2 protein chains.
Amino acid sequence: MAEPVFNRLCLVGLGLIGSSIARVARERGDIARTLVACDTGVGVAARVKQLDLADVVEVEATRAVEGCDGVILCTPVGTFGRVMQHIAPHLAPGTVLSDVGSTKGSVLRDLLPLLPEGVHLVPGHPMAGTEHSGPDAGFASLFQGRYTILTPPEGADPAAVEKIAELWRRAGAMIETMDAATHDKVVAIVSHLPHLIAFTICSTADDLAQETREQVLKFAASGFRDFTRIAASDVDMWRDVFLNNREALLEMLARFSEDAHALGRAVRWGEAEFIEDRIRRGRKIRHGLIERKQA
Amino acid sequence: MAEPVFNRLCLVGLGLIGSSIARVARERGDIARTLVACDTGVGVAARVKQLDLADVVEVEATRAVEGCDGVILCTPVGTFGRVMQHIAPHLAPGTVLSDVGSTKGSVLRDLLPLLPEGVHLVPGHPMAGTEHSGPDAGFASLFQGRYTILTPPEGADPAAVEKIAELWRRAGAMIETMDAATHDKVVAIVSHLPHLIAFTICSTADDLAQETREQVLKFAASGFRDFTRIAASDVDMWRDVFLNNREALLEMLARFSEDAHALGRAVRWGEAEFIEDRIRRGRKIRHGLIERKQA
């Protein structure tokens, strides 16, 4: 077996992503020599112990990070500033600090100012997930064949970046590196806007007159079903994602709204060619995904 | 084996839906004693013959419907008026005329004025489909466990309605009856609006700067992937659906837009509670679907 990437790795937050990292780390043994899991959620630490997801289970983050050479924040991104204020004094020089948040500009904003001298920040975002949440929802193969995007700040320590990259490679992921701003724009359209739309259309349906709403539930064809699958996602996580990728998300929403209104206008005025063009572009994008094996 | 529902049944249009009806009819034998397939598309009739989907294959609708006691239009809804002008003089009194179009107000509008004396119109809409199209895309179990909505006009012949209902029951579907206006509102939100949104978001992505677009294709997370699956649908069919359910679709688009802007506004102003409420409503709708086994 290869040398473990970290001697003592602490996962803060054992939800879907955190518990999946724990599972793959336990299964492989070469991600961390000692795995520490920390979660302050009611009953989560007990459940993590029951599931035997880590060598050490803590409810106090300041204790949990003590003596670790790797720490990964796996809580909703809105908590990062608060968590960092607690743990920063307890991070040893040389520690690599990472996270799995879906927004990356906010991570630099919230963590960099609090970063102790000699601690290396390497933000990461595994592009994987399901609509389920909590420590029972995780599984070891969640990251297999999926991308993890790293957004190291300028001047980041190459050895620290390589450690986080190697952790993700061992978890089965493919690595991409880009700056935080590009990351936030890309995820705004591939993930955050679709979620905003999915939540919205469910609300729109929910507001319909009682009788129509009953029929909607009854006849949810594949279109609506796919939308609601996305809409079943975790409340705290998505609230934080929206609030922490505000600028990029609102820009994409504005672009999308313009385009939706243009298509609506074409429907109103019977502009068949415009409508066909939009449908064709949808098919083209779809085929692009299939060629890239992302479909 | 039960007595076939129809003695001689003609399917006009052998795309995904038409060829699926043909397959289940051939497989069971109790839907039509003789099955006639008619398609004017280049090469479609030849392919239908090759696939042995019918007893008789025609390219001329006027000949195809001759002597039939059942005719089902399975072409895009925008063609119905034109097709009806051709076939109306060739429909024998007592014939049951139906269709599988996704919009029902337009079917009454286009077919009722041309309906010959003694021919019974029973519009239908099987709530089933995939993103694929053409005679090769169909399969016999497509309608299994799915709803077919019938929208007979006022004063429709009960025996004719029962024949179409029985055809769909034998194809595996569950039957619901409602008026055309209610149907059009329900499908506008469960199916047509989701498709309009999916086509739109693909266009929005396609308009992004080259570099971002490349990244979008690369990192299409589950959210975007699910949207593009819908967006791969047939161009002619969806153009016609949009144009023929204009009023209901535009109403639902307007409601959705208001709701999307309200959520966007909450993101801009950091209104966490409003955002959480929207996410929770999405989850509630989702759970409603799961309880109804529509998820």
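1. Conventions. In this predicted model local features need pLDDT of at least 70 and side-chain atom pairs count only at pLDDT 80 or more, whereas totals for chains, interfaces and linings use all residues. Residues are numbered from 1 along each chain as its sequence is written, chains are lettered from A in the order in which they are written, and side-chain values use heavy atoms, with hydrogens and water left out.

2. Domains. Chain A is divided into domain 1 (6–178) and domain 2 (182–291), with bounds that come from an automatic or database domain assignment. The centres of the two domains, taken over C-alpha atoms, are separated by 31 Å, and 18 residues of domain 1 are in contact (heavy atoms within 4.5 Å) with 16 residues of domain 2.

3. Helix H6(A). The end C-alpha atoms of H6 (residues 158–170) of chain A are 18 Å apart, which agrees with the 18 Å that its 13 residues should span at 1.5 Å a residue, the expected span being 1.5 Å times one less than the number of residues. Its buried residues (under 20% relative accessible area, 1.4 Å probe, protein chains only) include A:Ile164, A:Trp168 and A:Arg170. A:Gly172, with a positive phi near 100 degrees, follows H6(A).

4. Helices H7(A) and H11(A). The axes of H7 (residues 180–206) and H11 (residues 246–268) of chain A, as lines fitted to C-alpha atoms over the stretch in contact, come within 9 Å and cross at roughly 65 degrees. Among the residues that meet are A:His192 and A:Leu196 in H7(A) and A:Met252 and A:Phe256 in H11(A); by class, this contact has 10 nonpolar, 1 polar and 2 charged residues, where Asp, Glu, Lys and Arg count as charged.

Definitions and conventions
Helix = DSSP H or I, 4+ residues; strand = E, 2+ residues; numbered from the N terminus. Buried < 20%, exposed > 50% of the residue type's maximum accessible area, 1.4 Å probe, protein only. Axes fitted to C-alpha atoms, helices over the stretch in contact; angles between N-to-C directions.
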